[in-house]
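Open the model in your viewer and keep the selection tool ready. Each stop below says what to select and then what is there.

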Amino acid sequence: MAGTRSAEKPGFWIAFLVVVAVLAVVPLWFPNSFWQRLLTEVLILGLLAMSSDLLIGYVGMVSFGHALFFGTGCYGAAYALTWTESPFALWLALLLGLAGAAVMGIFVAFYSTRLRDIYFSITTLVFAQIFWVIVFTWTDVTGGENGLVFSPPRLSFLGLFAAEFTTMSMHWFVLAVVALCYVFCRRVTQSPFGKVLQAIRENEPRTRAIGYNVERHKMGMVMLSALVAGLSGALYGIFNAYAAPDYFFFLQSGETVIYNVLGGIGTLAGPVLGAGVFVLLKELFSTYWSPEYYLIPVGLLFTIMVIYMPQGLLGFLRHKLNE
Amino acid sequence: MRQEGHDRRVDENVWRPGTITRRRFVGVGAASVAAAGTLGAAMLVPSPWRRAFGSEKPIRVGGIQPLTGPAAGGGLMAKVGQEVAAERINAAGGVNGRPLELIVEDSEGKPAAGIRKTRKLLTRDLVDVGQGGFMSNVCIACMPEYRRARIVNMIGVCLDTTITTSRCDRYTFRPFDYAPAQAVAFAPYLVNNIGKKWHILFADYAWGQSTRDAYRDGIQNQGGEVVDTTGIPLGTADMVPFLSKIRGDFDGLFMIFFGKDGVNVVTQAYNLGLHNKYRFAGDGAAVVAGTNLPAQREKALGFVGIDRYLPIFQGPLDTEHHRKFFDAVFEQSKQYDPNGILPDRYSQSNFEALNILKVGMEACDFRGREDTEKLIEALEDLQVYAGDDFPTGDRLLRKADHQAFTNEYIFEVVQGAGDTYQPKVLQVVPWQDTIVPPACQFV
């Protein structure tokens, strides 16, 4: 196993750097800033999907409540940016978003990981919906339905340098965060910790019989997944300069699962691709076909892909290359 | 077991290393490049011209409406109102000799999608002015986008009070009424004609809460009293646990809801017999909208409400302007529903919003987005009068907060011909009597 990993390492790094370079440079040739921003948004939503993939793909736990972590991260960033405009605001926003998601992660991990399969999924959904109601109705604190509007932070490094975010600098910043997260998540899934989680996915009773603490491993992964989702939420808040209760709503969680299924479960990069394809399909069909009925072909395409590409787009692509 | 076997087979197929040949790589790569090229070409294609208009470059008006999702019905009627207005304007020679090109995008009723589509309108379609917006949270999320782009944003439906108070924005205008103005118009009737003591029932979220506050102030300012308020979470199907606790000595039950919540609150309050003790009243036609009446039927009888528009021909609404508007919207709606859909407040406010933009653009000889400052000045304190462009009557678009004041119609639900139920106008409150002090500081 170790030999296989070390053998694919150079190839992986070359491919990784090429993809990152393409994602960094290609937007410069886009005809207008709309497509640049759309790509940035896809990366953020892809990061959310990647966080969900950590659970679905590597532990076999389907979370229908990732919107909770995403929304908390977004509101954490929103509060930070409402309070301060200091040169450290960007980093404070990310930190507060992460902190909020961590608290939620501990809470959900503690109560949900005792359950399996559909019961875990339902519990995560229920937690997310409870917090959605709180955020939606607690208008004095959360802005209620109207959410929180704030000024976007300035891009700064340790307070030494500060500049307004441009469309491209925002894109590069998000790309850097997503790329680092991908490398980190990949490393985690290939670590002994990750291997135990995959063993739990394949055969939980046997993993427990070997002597591993299954609950502790699951809790660890739920918390890690919550942190990554919270980071994506914080980035989304910074990107849109807006936080909304909708980000806690179950539709957000549902779309995240769709990104996973579309892109390829258990691939980490696949969900990012899935998010891109889903957002792009909606955009193209609504613009060039019909703004009222565009979801019909999108839904049909999604159904066809699930039937004929059950392993997702990335899985299908690799399968074809392997042939 | 079967699933485990399937997973393993997929894994083996997907992850089998060392079988990627150059030919396969090139083949798949070429297919990927072709797909990317097709998408790229699609991205570069400009939006289609909606209408031929000589060689004149059109003035682009863009807006978002919820064309999918739970608010799609209302969003569609809002779009119909925009389309009718744009077609009328173009048929009459356009604006300053140039046609209007209307671009309507789907906000899905979500702030994130609304922001994405607004950015598309502003940076890709390069619209000259914005006109649209249905749900308040989406409008509020998108207002900064218009400010950053320095483009006028003429809102079509969004009701939240803060849009022209605490969140007011130099680039955003609301050319129709809002809760404080409705409360000022309605409170005298409530207190003097129905009773002094009221219990307010409201949808417990931002819009419901701000509207509750406006009516509480309005009733108290008229010498009345709000003895209690009850918030019901949005989307609550079973409201009985909330309604059954309502008791005490007061005259009227004032309801602040919309959509299916409006149907639920009226029918369930009626079923509990609250109508025998208290008079039902409510904010706007949100509770007893034309689309809700067929479900509420006799349970809404006697309900007293207020609205800026009613799809009936009575009193000041029995005019040639209104009939033209009514027929045009009904005809246009057949593009989406062969049976046609009756006009509502959403089609009305968008129709008049686009027309007030037209008046402003003509007044300042607007040529494009570079004339935004001229357009803002032309729209500020603009007064327009009843006519084909403004079938519901005169109005003022106040400079201090970019909030309009319109005529308000106080109505009661009565039994119509046969087995139908419809609103009957009780009183018209002229826009001059709806004015409230501005509460806005433009940044």
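**Stop 1: two helices in chain A**

Helix 3 of chain A and helix 11 of chain A are roughly perpendicular to each other, because angles from 65 to 115 degrees count as such. The model is a predicted one. To see the pair, select residues 66–83 of chain A for helix 3 and residues 250–263 of chain A for helix 11. These two helices pack at an angle of about 115°, and their axes are 7 Å apart. The crossing of helix 3 of chain A past helix 11 of chain A is right-handed.

Now show the residues where they meet. From helix 3 of chain A, pick His66(A), Ala67(A) and Phe70(A); from helix 11 of chain A, pick Phe250(A), Gln252(A), Ser253(A) and Thr256(A). By class, this contact has three nonpolar residues, four polar ones and no charged ones.

**Stop 2: one residue in helix 12 of chain A**

Select Val279(A), which lies in helix 12 of chain A. Is Val279(A) buried or exposed? Val279(A) has 20 other C-beta atoms within 10 Å, so it is buried. For a distance, pick the C-alpha atoms of Val279(A) and Pro297(A), which are 13 Å apart in space and 18 residues apart in sequence.

**Stop 3: where chain A touches chain B**

Colour the two chains separately. Here 40 residues of chain A are in contact with 41 residues of chain B. On the side of chain A, the elements that give two or more residues are helix 1 (2–25), helix 2 (33–56), helix 5 (117–137), helix 12 (269–288) and helix 14 (312–322). Which helix of chain A gives the most to this side? Helix 14 of chain A does, with seven residues. The residues on the chain A side divide into 17 nonpolar, 14 polar and nine charged.

**Stop 4: a sheet in chain B**

Move to chain B and find an open sheet of three strands, in the order 11-12-13 with antiparallel pairing. Its edge strands are strand 11 (382–384) and strand 13 (404–406) of chain B, each of which pairs on one side only. From one strand to the next, the twist averages 15°.

Select residues 395–397 of chain B, which form strand 12; this strand pairs with strand 13 of chain B over three bridges.

Last, select helix 12 (residues 345–363) of chain B. This helix lies across strand 11 and strand 12 of chain B and runs at about 120° to strand 11.

Methods. Residues are numbered from 1 along each chain as its sequence is written. Chains are lettered from A and ligands numbered from 1 in the order in which they are written. This is a predicted model: local features need pLDDT of at least 70, side-chain atom pairs count only at pLDDT 80 or more; totals for chains, interfaces and linings use all residues. Axes are lines fitted to C-alpha atoms, for helices over the stretch in contact, and angles run from 0 to 180 degrees between N-to-C directions. Helices (H or I, at least four residues) and strands (E, at least two) are DSSP runs, numbered from the N terminus. Angles under 35 degrees count as roughly parallel, over 145 as roughly antiparallel, 65 to 115 as roughly perpendicular and the rest as oblique. A crossing is left-handed if the near helix is turned anticlockwise from the far one by less than a right angle, and right-handed if clockwise. Two residues are in contact if their C-beta atoms, placed from the backbone, lie within 7 Å. Ala, Val, Leu, Ile, Met, Phe, Trp, Tyr, Cys and Pro count as nonpolar, Asp, Glu, Lys and Arg as charged, and the others, Gly among them, as polar. A residue is buried if 20 or more other C-beta atoms lie within 10 Å of its own, exposed if 12 or fewer, and partly exposed in between; C-beta atoms are placed from the backbone. Two strands pair if DSSP finds at least two bridges between them.
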